[in-house]
Amino acid sequence: MKKEEKTEEEILLAAEELFLEQGFAQTTTAQIAQRAGCNSALVHYYYRTKENLFARIFGSKVQLMLQNIFSFDRRDETFEERITRLISAHLSFLRENPRLVPFVLKEILFCPERAIPYAQELSRARGEFLRHLEEDLRAERSAGRIGDVHAEALLNLVVTQNISFFILATFKRAATGHILQDADFEAHCTELVTTVLARLRPQ
């Protein structure tokens, strides 16, 4: 890698770390330069403004979310296998990006004008995913394999349960010092899969 490319990448990585740690408003270009090991002039040279850095990073995080969402849509598995993989993939995504959800929510809540384009893209992709999922659910209902469950309710169940798991784990760590282990993730995933599949069964 050329020195210029390495510097540009280090600036991007430093900005990402600081934005996730502090949010956009609290992060300065001087802090980004210091963490990247360069001067502020180089930050300006490669990205011009802090807003451009934010757009690059936020956009990449939205793409990560979208890739995670659409990893569900594979036809070489049974519907039950795809549901199980959806739950596992979403949990793994949150585990690998623990500060991402708070970061995205904070930026949308406190500076919506900056986050609106990315929130709209995320909403559009979510709608498309729900359309695919609803088609699958309709086919499974017609075949008598599942009950009257709709896509939005199913997705909301998975997302809220996984996010709640991380929120509660944060409180538990503060109170007891317990750090999540592989066994904790496996137990939660197994329990959620069991809950969702039970919800899907015909009554």
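Glu 77 is found in the loop between α4 (50-70) and α5, where helices are DSSP runs of H or I with at least four residues, numbered from the N terminus. This is a predicted model, in which local features need pLDDT of at least 70 and side-chain atom pairs count only at pLDDT 80 or more, while totals for chains, interfaces and linings use all residues. Residues are numbered from 1 along each chain as its sequence is written, and side-chain values use heavy atoms, with hydrogens and water left out.

- Glu 77 is buried, with a relative accessible area of 18%; buried means under 20% relative accessible area, exposed over 50%, and partly exposed in between, for a 1.4 Å probe and protein chains only.
- The side chains of Glu 77 and Arg 85 are joined by a polar contact of 3.0 Å, a term for a pair of N or O atoms within 3.5 Å of which, within protein, one must be able to donate a hydrogen and the other to accept it, and for which residues adjacent in sequence count only if both atoms are side-chain atoms.
- Among the buried residues of α5 are Arg 82 and Arg 85, along with Phe 79 and Leu 86.

**Helix α9**

- Helix α9 (residues 182-200) has 19 residues and reaches 27 Å from its first C-alpha to its last, close to the 27 Å expected at 1.5 Å a residue, where the expected span is 1.5 Å times one less than the number of residues.
- The buried residues of α9 include Phe 185, His 188, Leu 192 and Val 196.
- Seen down the axis of α9, the buried residues fall within an arc of 155°, so they line one face of the helix; the arc is that of the directions from the helix axis to the C-beta atoms.
- Ala 183, Thr 190 and Glu 191 are exposed on the face of α9 turned away from its buried side.

**Aromatic rings**

- The count comes to seven aromatic pairs, where rings of Phe, Tyr and Trp (its six-membered ring) pair if their centres lie within 6.5 Å, and planes under 30 degrees apart count as stacked, over 60 as edge-to-face and the rest as tilted.
- Phe 165 and Phe 166 form an edge-to-face pair, 5.5 Å centre to centre with 80° between the planes.
- Phe 166 and Phe 185 form a tilted pair, 5.8 Å centre to centre with 50° between the planes.
- Phe 166 lies in helix α8 and Phe 185 in helix α9, so the pair ties together parts that are 19 residues apart in sequence.

Methods: Helices (H or I, at least four residues) and strands (E, at least two) are DSSP runs, numbered from the N terminus.
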